[in-house]
Amino acid sequence: MLLNETGFTFGGVHSRRDMGLLYVEKEGHIAIPEIKRNSYQIAGMSGTLLLSGETWQPFNLEGSLYPAEEPRTQAEAQALLRDISAWLTAGRQQLIFDYEPDIFYMAELSATSKWTLRNWFGGELQIRFLVQPYAYNVEEHSATVTATTGTTSVQLPLAVQTGLPAPLKLTIENNGSAAITGVSCRDITLQDMRLTRGQKLEITSEPPAGATIGSSSALQYATAFAPVYLDNGVNTLRVSLTSEAGGTHSAVITASARGRW
């Protein structure tokens with residue numbers, strides 16, 4: 001592994017460039033998280049019965065951080081440790097490793113971190129991240145179309161590169177003077193709402209799935225709401241809008257998804 005592949009970025013801060021630290025993994029890293037499947041033992045049946053549905057489990061990543069330049073005193077080391085603590089204890093953040101710069105995980109520090117001089121004269125800080133099971137593309141795939149009629153149905157072809165079905169995010173921004181009263185896409189239908197000019201409706205299938213207009217929940221308008229997941233390749237989405245009569249009708253519809261593995 002090259003030196004420029006050994007660091008990581010956590011919460012937008014890089015271990016070596018920003019903090020002056022070298023990172024060394026402990027005993028490798030998890031490539032495939034644990035999968036819990038719905039399987040049952042039935043009396044008189046050999047083996048188990050496997051049903052649909054599965055959950056991927058979070059996992060631990062462990063390693064050590066070493067100062068690239070040895071602290072001159074223990075007081076200087078303590079000041080560095082305070083900076084590291086403020087950086088790594090900021091809750092759940094994006095974790096991006098240098099050897100895979102286009103992919104991020106969601107992770108948080110999950111254990112006591114011990115500083116020791118036992119293995120390295122410059123000092124060593126042992127860390128452990130609890131990592132959520134999915135790896136995501138840093139860049140989203142997206143497609144946008146403008147709808148200009150009062151009652152319309154438009155199609156968006158969205159190409160997604162993903163290993164597992166990717167949650168859909170749908171944004172409708174009203175640019176017309178007529179309020180949008182209904183939206184539907186696959187198993188999601190919202191009715192009897194009032195999306196006025198300049199407002200945005202945002203629908204996400206990423207858990208916890210939901211819909212918002214500004215800072216307010218729009219789920220009160222949902223007559224059907226099942227998260228939408230997109231497959232690898234080109235997905236054709238049909239989005240239908242209904243609007244109030246009169247005025248101008250124009251909405252910008254954006255569909256997006258992050259590939260995940």
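Which charged end sits over the ring of Tyr134? Select Tyr134 and Arg260 together: the charged end of Arg260 is over that ring, 4.2 Å from its centre. Keep in mind throughout that this is a predicted model.

**Stop 1**

The next selections are about ring pairs. A pair of aromatic rings is described by the distance of the centres and the angle of the planes. The structure holds ten aromatic pairs. One of them is formed by Phe104 and Tyr136, whose rings are stacked, with 5.6 Å centre to centre and 20° between the planes. Show the strands as well: Phe104 belongs to strand E8 (residues 103-109) and Tyr136 to strand E11 (residues 136-137), so this pair, 32 residues apart, links distant parts of the chain.

Are these two residues buried or exposed? Phe104 is buried at 5% relative accessibility, and Tyr136 is buried too, with a relative accessible area of 9%.

**Stop 1: an aromatic cluster**

Select Phe8, Phe10, Tyr23, Trp87, Phe97, Tyr99 and Phe129. These residues form one aromatic cluster.

**Stop 2: the largest pocket**

Rolling a probe the size of a water molecule over the atoms shows where empty space is left.

E8, strand E14 (166-174) and strand E23 (251-257) are the elements that give two or more residues to the lining of the largest pocket. E14 gives the most, with three residues. Sorted by class, the lining of the largest pocket has nine nonpolar, four polar and five charged residues.

**Stop 3: the second largest pocket**

Move to the second largest pocket, which holds about 260 Å³ of space. It is lined by 15 residues, and the closest to its centre are Ile30, Ala31, Glu100, Tyr105 and Ala135. Strand E6 (59-67) and E8 each supply at least two residues of this lining. By class, the lining of the second largest pocket has 13 nonpolar, one polar and one charged residues.

**Stop 4: a cis peptide bond**

Select Pro207 again, together with Pro208. The two are joined by a cis peptide bond, with omega at about -5°. Pro208 is in the loop between strand E17 (200-204) and strand E18 (210-213).

**Stop 5: two positive phi values**

Select Arg186, in the loop between strand E15 (180-185) and strand E16 (188-190). Arg186 is not a glycine, yet its phi is positive, about 50°. Its relative accessible area is 44%, and Arg186 is partly exposed.

Go on to Asp192, in the loop between E16 and E17. Asp192 also has a positive phi, near 60°, in a residue other than glycine. Its relative accessibility is 70%, and because exposed means over 50%, Asp192 counts as exposed.

Gln191 lies in the loop between E16 and E17 as well. Gln191 counts as partly exposed, at 40% relative accessibility. Draw a distance from the C-alpha atom of Gln191 to that of Leu219: the two residues are 28 residues apart along the chain, and the atoms are separated by 10.0 Å.

**Stop 6: the whole chain**

Zoom out and clear the selection. How many helices and strands does the chain have? There is one helix, and there are 23 strands. Along its principal axes, the C-alpha trace spans about 75 × 60 × 30 Å. The chain has a radius of gyration of 24 Å, whereas a compact globule of 261 residues would have one near 18 Å. Of the 261 residues, 38% count as buried; Phe104 and Tyr136 from the first stop are buried residues.

Note on methods. Residues are numbered from 1 along each chain as its sequence is written. This is a predicted model: local features need pLDDT of at least 70, side-chain atom pairs count only at pLDDT 80 or more; totals for chains, interfaces and linings use all residues. Side-chain values use heavy atoms; hydrogens and water are left out. Rings of Phe, Tyr and Trp (its six-membered ring) pair if their centres lie within 6.5 Å; planes under 30 degrees apart count as stacked, over 60 as edge-to-face and the rest as tilted. Helices (H or I, at least four residues) and strands (E, at least two) are DSSP runs, numbered from the N terminus. Buried means under 20% relative accessible area, exposed over 50%, partly exposed in between (1.4 Å probe, protein chains only). A charge sits over a ring if NZ of Lys or CZ of Arg is within 6 Å of the ring centre and within 35 degrees of the ring normal. Ala, Val, Leu, Ile, Met, Phe, Trp, Tyr, Cys and Pro count as nonpolar, Asp, Glu, Lys and Arg as charged, and the others, Gly among them, as polar. On a 1 Å grid over the protein atoms alone, a cavity is a set of points where a 1.4 Å probe fits but cannot get out, and a pocket is an open set with protein on both sides within 12 Å along at least five of seven lines; lining residues have an atom within 4 Å of a point. Grid points are joined across faces, edges and corners, and a volume is the space filled by probe spheres set on the points. The radius of gyration is taken over C-alpha atoms; the globule rule is 2.2 Å times the number of residues to the power 0.38.
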